[in-house]
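Dear colleague,

I am passing on the structure we spoke about, with the sequence alongside.

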Amino acid sequence: MSFLRLLTAVLARTAVLTLGYVAFAEVLSHSDSTDALGAGLLFFLLVLVLVLVWSAYDGLRRGVGAALLTWALTAAASGASLVAAYVLRESGDLGAELRDSWLFFALLVAVPAVPGAAVGAVVRRARRHRATA
């Protein structure tokens, strides 16, 4: 995988996750609900499902190594961009929020990416094995 292709893939995934957060936060701001815990859990679930499915697709298309590299870099970048989007929305201190929250958001992306990429790679290997048999 070329560097430019990797960078494009990481930026696309980071943009989708960040824009998803911004859209989710905008919908919540116009909602009558005061259940912050439920909204947070719903956001985590949406991110988990999106990353799991997308990383499985990447593992199927590119193999486990390329998929894991893409999602590791995406986790690092999206952790920073999600914190930055939150700070811009809530007007907080970017440095403090990055220090306190970056790892949490990065792991929120990285943890479901690993099994997703692995499942995609297993399916890829099974398809190749079936095609040669």
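This is a predicted model: local features need pLDDT of at least 70, side-chain atom pairs count only at pLDDT 80 or more; totals for chains, interfaces and linings use all residues.

The protein chain has four helices and zero strands, which gives the pattern α-α-α-α when read along the sequence, and its C-alpha atoms fill a box of roughly 60 × 30 × 20 Å along the principal axes. Of its 133 residues, 34% count as buried, while carbon and sulfur atoms hold 71% of an accessible surface of about 8000 Å². Among contacts with a separation of 6 or more, 77% come from residues 24 or more positions apart. As for charge, there are 11 positive and 8 negative side chains, and the centres of the two sets lie 27 Å apart.

Turning to the aromatic residues, a search of the whole structure finds six aromatic pairs. One of them joins Phe 24 and Phe 43, whose ring centres are 5.5 Å apart with planes at 40°, so this pair is tilted; Phe 24 sits in helix 1 (residues 3-29) and Phe 43 in helix 2 (residues 36-62), 19 residues apart. Phe 24 is buried at a relative accessible area of 16%, and Phe 43 is buried at 8%.

The rings of Trp 54 and Trp 71 have centres 5.8 Å apart and planes at 75°, so that pair is edge-to-face, and it ties helix 2 to helix 3 (residues 64-90) across 17 residues of sequence. Trp 71 counts as buried, with 2% relative accessibility.

Finally, ring pairs link Tyr 21, Phe 24, Phe 43, Phe 44, Phe 104 and Phe 105 into a cluster.

Best regards

Terms used. Residues are numbered from 1 along each chain as its sequence is written. Side-chain values use heavy atoms; hydrogens and water are left out. Helices (H or I, at least four residues) and strands (E, at least two) are DSSP runs, numbered from the N terminus. Buried means under 20% relative accessible area, exposed over 50%, partly exposed in between (1.4 Å probe, protein chains only). Contact means heavy atoms within 4.5 Å. Accessible areas come from the Shrake-Rupley method with a 1.4 Å probe; for residues, only the protein chains shown count as cover. Lys and Arg count as positive and Asp and Glu as negative; His and the chain ends are not counted. The place of a charge is taken as NZ of Lys, CZ of Arg, CG of Asp or CD of Glu. Rings of Phe, Tyr and Trp (its six-membered ring) pair if their centres lie within 6.5 Å; planes under 30 degrees apart count as stacked, over 60 as edge-to-face and the rest as tilted.
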